[in-house]
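Here is a friendly tour of a few local features. Please keep the sequence and the structure at hand while you read.

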Amino acid sequence: MTEQTTEPHSRRSFLKKAGVAAGVVVAAGVLGREITSVIIGAAVDEKITVGEVIDPIEYRQAIDGVKAILEPVRDQLSGFNFICVNGWTADEKSGYQGPLSDAMEELGMSVKVMALVGDRNPDYKESIQRLDELVKDSQEPIIFVGHSLGALLFLGYAAGLGGDENRRHRGLVAVAPAVVNPNSFRSEKVNKLPFEVLRKNADRLVQDIREERKGDVSSFYSDKPNFAEFSLPFENVIILSSSNDQVARPSDVGRFANAIGATQISSQDDMARVVREGRAVHMTYDNAAHFGRPNDAIKVAVAISALSKI
């Protein structure tokens, strides 16, 4: 069963705050039939900010696609608890997260979905505490699935764990990890990388979100533990990136993948094989942007399926 660990955002309450009838915004794409798309809006400064447009048909197709991938390995994955952490401002239905968790729930898999603490101004330390509570509540081995800042949260969390604790965590799927902070990658391999480039990109991301998107993510790029004592932050790591991602840029994600010794693959078919060999995996998709569409859940499901081989 899927659990949301923070109170989920209410679309209707967002719209009421903005003084707009929910039906006005939701009824988009009616072409002589049922509603074909839904606009999810958030009230910011008493105005509607459109977050994303979701096609219910695409959403359902994504759920079915995920189930088709995970159902054959459901028994192998039944002994795991999945903890999913969303990215900046995302809730349990945003991007790929909704179809993924819905599909896993329909398959009877154990899933907990966590939003970052602080919404538009997420707090790294408080989010770490929330995550730690979820981990301690889990009786089963854990597989983490993190998107963007959510993936960065998992990596920082792993760096603060001792070896015995870390063995409980059996895998991580890092989807478009926002790894643009050099202080996160202090290791013998990574010390040779041009940190000034990574720092510039981190400053760019923080400034862009602060000025253009009216939020503050700076706590995620300071005061974090580093990974110096870990050759890999998790026993099994699968990193997914996109060739045209403007947030988790492929060059930054590639540096991180190289730093932990991940094997670059070009085909989904190679993913399970590399995982079975005990190596981290990095796959770059063409034009997946920041994995913000429902059908991106299928790409994430392929990675989860590969972890059934551990």
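Predicted model: local features only at pLDDT ≥ 70, side-chain atom pairs only at ≥ 80, totals over all residues.

Residues are numbered from 1 along each chain as its sequence is written, and side-chain values use heavy atoms, with hydrogens and water left out.

Let's begin with the helix pair. Helix 5 and helix 12 pack with their axes 8 Å apart, at an angle of about 50°. That angle makes helix 5 oblique to helix 12 (angles under 35 degrees count as roughly parallel, over 145 as roughly antiparallel, 65 to 115 as roughly perpendicular and the rest as oblique). Their crossing is right-handed. The residues that make the contact (heavy atoms within 4.5 Å) are listed here.

| Helix | Residues in the contact |
|---|---|
| helix 5 | Pro99, Leu100, Met104 |
| helix 12 | Ala297, Val300, Ala301, Ile304 |

By class, this contact of helix 5 with helix 12 has 7 nonpolar residues, no polar and no charged ones.

Next comes the serine. Ser127 sits in helix 6, which spans residues 124-137. Ser127 is buried (under 20% relative accessible area), with a value of 0%. Leaving aside neighbours within four places in sequence, Ser127 is in contact with Met114, Leu116, Val117, Leu153 and Phe220.

Finally, helix 10 covers residues 250-259, and its buried residues include Asp252, Val253, Gly254, Phe256, Ala257 and Ala259. After helix 10 comes Gly261, with a positive phi near 75°.

Technical notes. Helix = DSSP H or I, 4+ residues; strand = E, 2+ residues; numbered from the N terminus. Buried < 20%, exposed > 50% of the residue type's maximum accessible area, 1.4 Å probe, protein only. Axes fitted to C-alpha atoms, helices over the stretch in contact; angles between N-to-C directions. Left-handed = near helix turned anticlockwise from the far one by under 90°. Nonpolar A, V, L, I, M, F, W, Y, C, P; charged D, E, K, R; others polar.
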